[in-house]
Amino acid sequence: MIKLNKTVLQRFESVIKNSGLNKKEFAATIGLAPASLSELTSGRTKAFSNPVLKAMAAVHGVNINWLTTGKEEPYTSSNAMASTFEFDLLYKYRRFTTINKDTFGIFYETLLRLQEEKEKG
């Protein structure tokens with residue numbers, strides 16, 4: 001967990017702004033309910049959880065060291081950042097019912113297996 005202070009919150013707000021997403025969409029990309037994001041940005045929540053930090057790094061390419069200390073560059077390689085399509089896919093997936101998530105999981109595993117078979121020749 002990373003404790004929040006005014007400067008960390010300012011950097012976090014800049015990440016949200018630079019994402020090009022509204023707060024509801026951004027919250028979905030890092031696994032938060034919009035109300036939880038609101039609690040973070042208002043300072044009512046006093047720390048980032050590790051899953052939220054990992055999601056910001058993985059999905060948005062945020063350099064966690066920069067977010068927490070202000071040191072280094074704000075973003076890692078652009079290759080680490082998700083595309084608009086990936087944001088959209090994640091956002092829609094999170095709205096699926098449990099049955100649809102299970103079905104999607106089976107579909108995804110099948111696609112991975114087919115890709116591996118194709119790569120093996």
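Helices (H or I, at least four residues) and strands (E, at least two) are DSSP runs, numbered from the N terminus. The model is predicted: local features need pLDDT of at least 70, side-chain atom pairs count only at pLDDT 80 or more, and totals for chains, interfaces and linings use all residues. Residues are numbered from 1 along each chain as its sequence is written, and side-chain values use heavy atoms, with hydrogens and water left out.

**Exercise 1.** Describe the surroundings of T45.

*Solution.*
Step 1. Locate the residue: T45 belongs to the loop between α3 (34-42) and β2 (47-48).
Step 2. Classify its accessibility, where buried means under 20% relative accessible area, exposed over 50%, and partly exposed in between (1.4 Å probe, protein chains only). With a relative accessible area of 24%, T45 is partly exposed.
Step 3. List its contacts (heavy atoms within 4.5 Å). Apart from neighbours within four places in sequence, T45 touches L4, E39 and L40.
Step 4. Compare sequence with space: 41 residues separate T45 and L4 in sequence, and their C-alpha atoms are 8.0 Å apart.

**Exercise 2.** Classify the ring pair of F96 and F104.

*Solution.*
Step 1. State the rule: rings of Phe, Tyr and Trp (its six-membered ring) pair if their centres lie within 6.5 Å; planes under 30 degrees apart count as stacked, over 60 as edge-to-face and the rest as tilted.
Step 2. The structure holds 7 aromatic pairs. In the pair of F96 and F104, the centres are 6.1 Å apart and the planes are at 65°, so the pair is edge-to-face.
Step 3. Widen the view: Y93, F96, F104 and F107 make up one aromatic cluster.
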